[in-house]
Amino acid sequence: MNPPYVTGSSSVSTIMLKVLLALLPAVAAYVLLFGPAILIGIALASATALACEAFMLRLRRYPIKPFLLDGSALVTAWLLALAMPPLAPWWLVVVGTAFAIVVAKQLYGGLGSNLFNPAMVGYAVMIISFPAQMTQWQAPHALASLHLSFLQELQYMFGGTLPDGAKLDAVTMATPLDTLRTQLKLGHSVETIRQMPIFGAFSGKGSETVAWCYLAGGLLLWQQRVITWHIPAAFLATLALAAGAFYLHDPAHFAPPWFHLMSGGAMLGAFFIATDPVTGATTPKGKLIFGAGIGLLTYIIRAFGNFPDGVAFAVLLMNICVPLIDAYTQPRVFGHPTKPGRGTQQ
Amino acid sequence: MRPLYRFNGGVHPPQHKEESSGHPIVPAPLPARLVVPVHQHIGNPAKPLVQPGDRVLKGQLIAQAEGYVSAAVHAPTSGTVSTVAMHLVPHPSGLPDLCITVEADGEDRWIERQPIDYRELDASTLRNRLRDAGVVGLGGAVFPTFIKLNPGAQQRVPTLILNGAECEPWITCDDRLMRERAAQIVAGIAVMRFMLGSQEVLVGIEDNKPEAIAAMAEACAQSAFPIEVVAVPTLYPAGGAKQLIKVLTGKEAPSSGRSTDVGVACFNVATAYTVHRAVDHGEPVVSRVVTVTGNVREPRNFEALIGTPVSDLVAAAGGAREGTDRLVMGGPMMGFDLPSPEVPLVKACNCVIAASPALFKPAPAPMPCIRCGRCARACPVELQPQELYWFARAKNFGKAQEYALFDCIECGCCSYVCPSHIPLVQYYRFAKSEIWAREKEKKAADLARERHEFRQLRLEREKRERAEKLAQKTAAKAAPAPGEADAKKAAILAAVERAKAKKAAAAPRNVDNLPPEALEEIAKIEARRAQVRDMARRPVAEEKEP
Amino acid sequence: MLAAILVMSGLAVVLGAVLGFSAVKFRVQDNPLVEKIDAILPQTQCGQCGFPGCKPYAQAIAEERADINQCPPGGEEGIRKLAELLGKEFKPLNAEHGAPKTKSVAVIDERLCIGCTLCLQACPVDAILGAAKQMHTVLAAECTGCGLCVPPCPVDCIAMVELREEIATWKWKYPVYQFKRAS
């Protein structure tokens, strides 16, 4: 045996389990405000992820049990299910999850070796391939003209049929970010757009509550030392700064920073996705740069791009930069006058 | 209150101090045979001075320091040297090393001990006395103390720090020593302070040892010069020299240099105790206090002779309990498995833990690194262990050195916190020893290249010299000096004359009374012979002409 | 159109001139290839490669007269380094030149030595000490373990003794575990 003979209690699976637990408040809020469809999505994604992971591990001759129990596939599945529209055809979440696990994770070498965040790869592929399905979001109960029962939701997701000739419009709608974009293109000002019924105090009715829950879960992760403050803080601060600058410059055409913080994938991304250790920067300074980069890119894509949200693309773009960021932000070593790396080699 | 500083990271492993800290130090029984390794310190092995059959007294020098970085080794008891041979020693390699075995006579008779008045001696003589008393750092690093007590060009080291942190779990030998022999430690501190010319003296003790802190504070209050006893927060590895210096002074010892570069010297409290014994009592280091704990019936601290078999110590602690599968030297964070219970106690050994699977659970199977960065947050040297792991694993040694691999103190904090249970320290040790081996190989290759090139040059030169000599010789033959030629000719002529005379003398003597026909016959034969000789000579001459 | 072509060609000329100038002016003084190859070779000077020493072999590799897999003491790692340096494909050691052995040193049985000096002449690094009709001995620190001194000895008193691992030369092992199951 080799020292140290004693080890701490943490393990990969406890870390992953804590992430899943921290997501529970948001899932609960989702169910209360939008209905139970999200649970079906999560279940579908989890089953797909585990099946794909097991299949790939077998193919790669890895022991299945420890690697399935590490929980990393489940985290990917949950994050992807939460990022996708809940009331979507079943195959959407299945294909997305399968792509995330098989291509983005296992083909890159599995746990610890993937370059890109698997959940975000799955999301990006889906939104490019199936933009229509990916933008049909379930309306919150408070706004929907038709309430689907759990059974009816199942019927729609697996059979594509709605009860008695009801139209899809009755249960779905565009997201607040999407609405803002289309309405701005129609020439309306931010002020008048935000008077529409789907908007709440900060961003969308319902969705802003979920965002608060993500924030709470994220703070729990930080308190549990699963994540550090660097990435979420840099991400949200940069997003707020960029949004604030444009908002101050032209409040008629740019949404206020709190709208950006509380809508779309900002909170989920900041605390749960950008903080993925495998694909993120590891040095403290590097994490700040990484988070800030995601925040800035997210705002640019939201404000000037053509996609409803920018978090996924921002994360993927910053994933590419991680090796470079890490190499250039190596901290000073104890007793060294300068940073290691460049220039200090004897 | 003195402001304390923090080092990065650190961990809080379970303490397990109370098992052995409650009992006073007891002398270990005198074993029948003591095995004393000659290499118990950093640097060159000591050179044996005794042979099998020699009688030795307790404290007698049996191996002397060799080279600058080295220390002496002494007979731990009186008796007879039985062998000077290879014997298993406590080392992670499990390989044997040169040891002097002393069969104890049971009398434990001391050699004549001469206390030193350290104020009267000049500094270098005093340091040599400590070297010859075998005083080395007893915290575990066993660096020869006399070298660290050289203030160098600055003439003085302003701050002297005594390390009583004892941060590794299970170990309590320094704790007991401070509780029971605080005054003697302070006496040792006085010598060290004198040698270094320090103004400020600090004793750092982790705050989980209130009794030791109280005892030391009391002894220090009696001291003629001010000594400050500082309770430092319990956080592994606060007992690392550089970490303790940082905590107490906020200064960082430079990576490439020594702590004296920032005006601080740091010694273990047990080292101060041995300095006192060596100086004020003339006793070299022949014993030390060692904690024997873990899965033994009566965990204790023993004052044991160097060379005592570890199995004797375990037996003295009531023997190992059921389930003990091996013995560990040192603490659970930085210790190692002993290759055999028969290895001797050495100066570096502060603790022996009887280990069992229940005590130290086998680590779960490693998982891939997920770059969570917990290791970096735990690293007291502020390294990026996840990067070092990657480079060491890929055997990318150049990059590992660039990321300051050699600053790693192998404290094990990274492995302790790693959620993937990767044996990180193992990787760093592997990389370090591989780099050292390669450097050695490169030096050997450079030496061989140099010697080969020199040999080529030498052969070339010798060839040239031979050629020159040969040329001279042939030149001499081709153009001999005239006088010399005459002399030669004369000599040859003389030789020819002598040969002729010889020949004449050897002419046939039985021709005198022969009939004339016979004489004529002989004359004819002679003429023919001459003719043949002539013929034989001519073609040669003809051949030579063209 | 013409202006554009002129501007572009002018730019090309200027930039080309700058590049050419800097290539000459800031040329990195580099070790010649032979030196770099020689630095990789183990300097055993054993001649197993078929050349009288490491430098001649390095020369031969540089001039492509010899392959990179002829050095048994350098082993697989040496071949890998050479392949990397020269941008060639790795190939296993050519068995014609011998197999890699653990490093050893020559030891002369001093009771048998007759002092003939033949081994002295064979040693490529002058690591044998002695004179005519005097007993010889090997300087272990300088011996490269090439074994060239063994065949000339008329009384077979030289043996190649493998170096044993001792504490001073012991190395920590590479941690072995794998995620993959053994197939």
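Buried area is the accessible area (1.4 Å probe) that two parts lose on being put together, summed over both. I keep that in mind throughout, and I note that this is a predicted model.

**Entry 1: the two domains of chain C**

I began with chain C. How much area do domain 1 and domain 2 of chain C bury between them? I found about 330 Å², with 63% of it on carbon and sulfur atoms. Thr44(C), Gln45(C) and Cys46(C) lose the most area on the domain 1 side, together 90% of what that side buries.

Next I checked the contacts. In chain C, 4 residues of domain 1 are in contact with 6 residues of domain 2. I looked for salt bridges across this interface and the rule finds 0. I did find 1 residue pair in polar contact between the two domains of chain C. By class, the domain 1 side has 1 nonpolar, 3 polar and no charged residues.

**Entry 2: the two domains of chain B**

I moved to chain B. Here domain 1 is written in two pieces, 18–25 + 119–355, and domain 2 covers 366–474. The centres of the two domains of chain B, taken over C-alpha atoms, are 32 Å apart. I noted 7 residues of domain 1 of chain B in contact with 11 residues of domain 2 of chain B.

The area buried between these domains of chain B is about 660 Å², and carbon and sulfur atoms give 55% of that. Which residues of domain 1 of chain B lose the most area to domain 2 of chain B? They are Gln243(B), Met333(B) and Met334(B), together 58% of what that side buries. I searched this interface for salt bridges too, and the rule finds 0. I sorted the domain 1 side by class and got 4 nonpolar, 2 polar and 1 charged.

**Entry 3: chain B against chain A**

Then I looked between chains. Chain B gives 49 residues to the contact and chain A gives 38. Together the two chains bury about 3,900 Å², 57% of it on carbon and sulfur atoms. In chain B, Ile370(B), Arg371(B) and Glu402(B) lose the most area to chain A, together 17% of what that side buries.

How many salt bridges does the rule find across the interface of chain B and chain A? It finds 2. I looked up a salt bridge between the side chains of Arg332(A) and Glu252(B), at 2.8 Å, N to O. The rule also finds 18 residue pairs in polar contact across the interface of chain B and chain A. Several elements of chain B give two or more residues to this side, including α7 (241–249), β15 (326–329) and α14 (424–478). α13(B) gives the most, with 3 residues. By class, the chain B side divides into 24 nonpolar, 11 polar and 14 charged.

**Entry 4: a sheet in chain B**

Last, I traced an open sheet of 3 strands in chain B, in the order β3-β5-β6, with antiparallel pairing. Its edge strands are β3 (47–48) and β6 (73–74), and each pairs on one side only. I followed β5 (residues 61–64) of chain B and found 2 bridges joining it to β6(B). Leu61(B) stands opposite His74(B) in β6(B).

Definitions and conventions. Residues numbered from 1 in each chain as written. Chains lettered and ligands numbered in written order. Predicted model: local features only at pLDDT ≥ 70, side-chain atom pairs only at ≥ 80, totals over all residues. Heavy atoms only, no water. Domains from an automatic or database assignment. Contact = heavy atoms within 4.5 Å. Salt bridge = Lys/Arg side-chain N within 4 Å of Asp/Glu carboxyl O. Nonpolar A, V, L, I, M, F, W, Y, C, P; charged D, E, K, R; others polar. Polar contact = N/O pair within 3.5 Å; in protein donor to acceptor, adjacent residues only side chain to side chain. Helix = DSSP H or I, 4+ residues; strand = E, 2+ residues; numbered from the N terminus. Pairing = 2+ DSSP bridges.
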